[in-house]
Structure formats: C-alpha cells, structure tokens
Amino acid sequence: MIDRRAMPYAVDAALRAVAIVPLRLGEPIEGPQVWTVAAEPPPHAMAKVLGMAPALQAALNCGPVRIHQVGRWIAIEVPRDDRRSVALGKMRADGLAVQIGVEPTGRRVTVDLGQPATAHALVAGQTGSGKSVALRALVWGLAQAPDEVELVLTDTDADTWRPFEQAAALRHAVVTDAGQADAALAAVVTEMELRLAAGGFDRHIVVAIDEVQTIGVGGRDAILQIATRGRKAGCHVVVATQYVRSDVLDRRLTDQLGARVLGRMQDGAAGYWAGSSAVSTLMGQGDVLVSLAGVEARCQVAWAPEGDRAWSRVPEAHHGIPAAPARIEEGVPAGPQQRSDDHEAIVWAMASGDEPGQAASATSIRQEFGVGTDRARRIRDDAQAALDMQTRATGATSLLRVSDHPRWAEITQMSRAVGG
Ligand SMILES: Nc1ncnc2c1ncn2[C@@H]1O[C@H](COP(=O)(O)OP(=O)(O)OP(=O)(O)O)[C@@H](O)[C@H]1O
Ligand SMILES: [Mg+2]
C-alpha cells in the first residue's frame, strides 16, 4: 500500500522507471477511489506521457492507472487499495439538481435534470459497476422534493427501489412487471401530450427505469417519446442497462440522454461512445465517469447501506400510494380507431378554447375534426372536465394534473392506441 507521503515518490520513481522525460509533480490528492498526482510534462512529450498508463501500472503494481490531460497538466490517477465509499447522507439535493458523488479532487458532482442539455439520463456499465446504486443516489435526491418532482420507478429484474416503496414523491406504486411498465409509460406520454397542449405543468415527472432492456417495444417507444419531447412538459427519463448496444439503446434515444453515468465496461461496449474509452479502466462498484452535456468527470458515486439514516430523509406518503396502472397485455389489439381520434381531439379542444380554462366549442371541434354533433359534444365535455380538474387541483388554469379525470384510464388506453 502506498501511503500519502510516499505517494509522489512512488509515482516519481515509477515514472522514471518507465518514462523518458522529467516531470514536475504536484502534491498527491486523496480521493475516495484514487490518488491523483498532477504532473507537468514538457509540451513535446505530452502524447508520450499520456500513453504511459499501462507501464506505470505495471511499475506501481496496482490496478488500472488513468492518465488524462487537463490543460498543460496531466492528471495521473492511481487506484487506492484501501478504497473508501462516499456517504449518501452527505450529498445535497435541490429539486432536480442532485449531488450523486465526488470527484477525485473532492468536488461534488451534480446531475441537474432541470438543465436543458441534461434533462434525461443514462446509467450504463457492466454487472457490478454500480448502476443500481447510482440510480438510487439520484432518485434519493429527487425524492426529497415531492412538491416539485413526481417519480415513476420501474425495475422488472431486481429490487432496486426497495428504499423508496413508501416515498411521498411516488406517482404510483413501484412497477415490477413489464406489462405494467408499458401502461405506466403510456400514462406518462398521455400526460405529456396534455401538458404540451396546455403549455404548462405543475410538478416534474421523472421516470427511472433499471434494466431498461426488459421493457417491451411499446414501453421503449414511450421512453423515446418522453426523451425527445418531454422536457418542455417537465417529463424526464433516467434509464439504466448493462447492454450498451444499439438494439437495446436506440441511437435516437441515447442522443437525448445528455447526462451519463458510465461505470466500468469492456472496451467493445465502451466504443459505443466516442470519447469515453476510459471506462474500461474504471474499477467498478461506483467508480464512474459522469458526462454532463459532453463534459466528463470521474466520480465515486455516493452510497448508503440499507437501514442507514440517509434513507429516512426520503419523505414518506401519509396516505396510501395509488396502485400501479393495470398491465397492458402483449398483443392486445389497440382500441377502435374512433377512440384514438377522440384523444387527439380532446387534447386539441383543451388547448383551443376562447378563454383560458375553457374548452373549444362543439362547433369548432366539429369543423376541425369533421365529427358528428353528438361526438363533438362528448369531446367538448371531456375536454372541459379535464380542464376543470386542473383548475381545482392547482388553482391555476395553465397547470395540469389530469390523472384523476373520471375517464383517465380510458384516455390512457386511447393514447396507447395513438402511439401503438
Ligand atoms: N457507489 C458505491 N459505493 C460503494 N459500493 C458500491 C457502490 N456501487 C456499487 N457498490 C457495490 O457493488 C455492488 C453492485 O452494485 P450495483 O448493484 O449497483 O451494480 P449493478 O451495476 O447494478 O449490477 P447489475 O448489472 O448486476 O445489476 C453493490 O451491492 C455494492 O456492494
Ligand atoms: Mg443493478
């Protein structure tokens, strides 16, 4: 084991053994998973020094060494054999901005889903890299603001979300079944459409999905829709998977996931993203690269054992948590076409009245959609009921909260028909 005082000498000696050039070395900085030593190589030797990691690792007889450039300097990161974990309870959260861990320099790493470039997130890495722990760290922060954030949590494989089962921020019970996940995602897409039509929203909705490869085609399409159009409606997705392949993660989806937590991965998978090849030198168990709108930082993700006091910071629901939506059976045919047309018309009518809070008239619905008088009236009534409910729920006409609509289940099914 290399101790603090011996560190620069050990690195210096190793560099001399393998290297070619004299280096000015800085004081070593103690991070949770690595020691970082800054070094200033002569400019002409920069490329050579950057390529020395494997030789340095052999000379120091340690785990994977990472060397990267920071301006004129290089940072040499040497794994500690006495790694420390980072206490989740020390992290802070403010609405959608959540500290999820610390850099080797001790600086906190904040993921902010409220920023346009990082509205949606990906957590990737091989088994044991710490994906589920990272998801929990992020959601732990979000769950502390139930007035601002509503959570939809799904995990069809393990029990990632156990600490959140009573969280006040839950939109409904944790989803553990793929069919249910499809229904929950379809409902979020519907709410997103309604919010986009109304041009406003009350709380953000964050859908966090562990093992996203277990989600069916319908659900994945919904995820793509939310990632593409959700931001303006306050709808966000956070997905985790170890399968970093284009058949699991559609490029159109990954393009939208501006916040990335990349755990240890094999080189092949790492190649999926240009610029993140260093992930194969990570040590696993929460040693990650966090990439925020393209800016990368190494990070040790915060963690708390089960039963830790940190978990009591998640506010619990006083009343029961609504059941998760009923599962959508694979292969059930979409509803009659007429219904999906109605859904579109209801959303349109909500947004197209003469006054705020007032649905469009049956006449204009008839003209817009070419439907008969009775159907136009029904559409108008549904749109008006949804608008009235928003007003009651929020006291404001521009804000939406429509999931208690008497025909909510049906509208959700309709959106499924539209999307499906
Ligand atoms: N940030 C962390 N701090 C401390 N320990 C961690 C951290 N992340 C992961 N670990 C340890 O590694 C184990 C595996 O982590 P985790 O379950 O998050 O991996 P995973 O990537 O989700 O794996 P899988 O793909 O198998 O689900 C944890 O049970 C924990 O013991
Ligand atoms: Mg996991």
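This report walks through a ligand site, a helix, the nonpolar cores and a few loop residues of the structure above. The model is a predicted one.

**Around the ligand**

Let us start with ligand 1, which is surrounded by 15 residues. The closest of them are Gly130, Lys131, Ser132, Gly286 and Trp303. Sorted by class, this shell holds ten polar residues, four nonpolar ones and one charged one. Two elements, α4 (131–142) and β16 (295–303), each supply at least two residues of the shell. The largest share, three residues, comes from α4.

**Helix α4**

That helix deserves a visit of its own. With twelve residues, α4 reaches 17 Å from its first C-alpha to its last, close to the 16 Å expected at 1.5 Å a residue. Is α4 mostly covered or mostly open? It is mostly covered, with eleven of its twelve residues buried. Among the buried ones are Lys131, Arg136, Trp140 and Leu142.

Leu142 leads us onward. The largest nonpolar core has 82 residues, and Leu142, Leu151 and Val188 touch the most other members. Helix α5 (residues 178–198) gives the most to this core, with nine residues. A second, separate core has 18 residues, including Ala39, Val49, Ala53 and Ile76. In soluble globular proteins, nonpolar side chains tend to be buried together.

Which residues does Leu142 contact beyond its neighbours within four places in sequence? They are Ala93, Leu96, Val98, Val149, Leu151, Ala169 and Val206.

| Residue | Loop between | C-beta atoms within 10 Å |
|---|---|---|
| Pro28 | β1 (24–25) and β2 (29–30) | 22 |
| Glu211 | β12 (204–210) and α6 (217–229) | 20 |
| Gln285 | α8 (267–270) and β15 (287–292) | 18 |

Pro28 is buried because 22 other C-beta atoms lie within 10 Å. Not counting residues up to four places away in sequence, Pro28 touches Arg4, Met7, Pro8, Trp35, Thr36 and Val37. Pro28 and Ala38 are ten residues apart in sequence, and their C-alpha atoms are 7.2 Å apart in space.

Glu211 has a positive phi of about 55 degrees although it is not a glycine. Gln285, also not a glycine, has a positive phi of about 50 degrees. Are these residues buried or partly exposed? Glu211 has 20 C-beta neighbours inside 10 Å, so it counts as buried. Gln285 has 18 such neighbours, so it counts as partly exposed.

Note on methods. Residues numbered from 1 in each chain as written. Chains lettered and ligands numbered in written order. Predicted model: local features only at pLDDT ≥ 70, side-chain atom pairs only at ≥ 80, totals over all residues. Near = placed C-beta within 6 Å. Helix = DSSP H or I, 4+ residues; strand = E, 2+ residues; numbered from the N terminus. Nonpolar A, V, L, I, M, F, W, Y, C, P; charged D, E, K, R; others polar. Expected span 1.5 Å × (residues − 1). Core = buried A, V, L, I, M, F, W, Y, C linked by C-beta atoms within 7 Å. Contact = placed C-beta atoms within 7 Å.
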